[in-house]
Amino acid sequence: MAGGQKHCFTSRPCGEVLLRPAGFRPHRRSEGRKRPIETKLMRLDIAGFHSRVTGLKHRMVTMKDHVHTVLEKDQELLFLCSKLTNLEDRSRKDNIRLFGFPEHAEGTDTSSFLHSILPKMTEIAFDPPLEFQRAYRLGPKRKDGTSKPRPIIACLLRHGPARQLLLAARAHDPSKQTAMRSALQLTSPG
């Protein structure tokens, strides 16, 4: 025998002689039974993985739907925010800020004070007449009388008189003509 390998001869019932290497053991029947059990376990594992992947696919589709819904809501929210900003800006265009009036000059009714003093100060015959939604001093009352007086905020009912007041303020102070702000720097009478 070549290479020094040992071989053993076995015979089969049919009379054939097989040449097998030394130390070769035929498979036992018990080992053959383990393979179907391992195969069954592998099939169960594969079926479990398949069901998990199917579940994940379903969740992904659901999440895509949720993301799409969230994106739609986000767009709607942006639209509503811009609409709210627009409405706030439009509501502010009829507001004017009045500077330079001493504290407590208006008494208890700021609206009637402004209704009587503004036509005299600006020498404008307002058409339509001045109508205020509200008028008030901005900020908390100051305790010392030496500090700068608080501005008066007046919310007019119509835009026409507010525009007339703004034009009067610009005519009064030409340096403010380029500034687009609804603030009057008028000196109080007296």
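Tutor: Of the 190 residues of the chain, 17% count as buried, where buried means under 20% relative accessible area, with a 1.4 Å probe and protein chains only. This is a predicted model, in which local features need pLDDT of at least 70 and side-chain atom pairs count only at pLDDT 80 or more, while totals for chains, interfaces and linings use all residues. Residues are numbered from 1 along each chain as its sequence is written, and side-chain values use heavy atoms, leaving out hydrogens and water.

A nonpolar core is a set of buried Ala, Val, Leu, Ile, Met, Phe, Trp, Tyr and Cys residues joined through side-chain atoms within 4.5 Å. The largest one here has 16 residues, and Ile96, Leu98, Leu114, Leu118, Leu130 and Phe132 have the most contacts inside it. At least two residues of this core come from each of strand E3 (95–99), helix H2 (110–122), strand E4 (132–137), strand E5 (152–156) and helix H3 (159–172). H2 gives the most, with four residues. These elements are DSSP runs numbered from the N terminus: helices are H or I, at least four residues, and strands are E, at least two. The chain has three helices and six strands, in the order β-β-α-β-α-β-β-α-β from the N terminus.

Helix H2 also holds Phe113, while Phe101 sits in the loop between E3 and H2. Both Phe101 and Phe113 are buried.

Definitions and conventions:
Buried means under 20% relative accessible area, exposed over 50%, partly exposed in between (1.4 Å probe, protein chains only).
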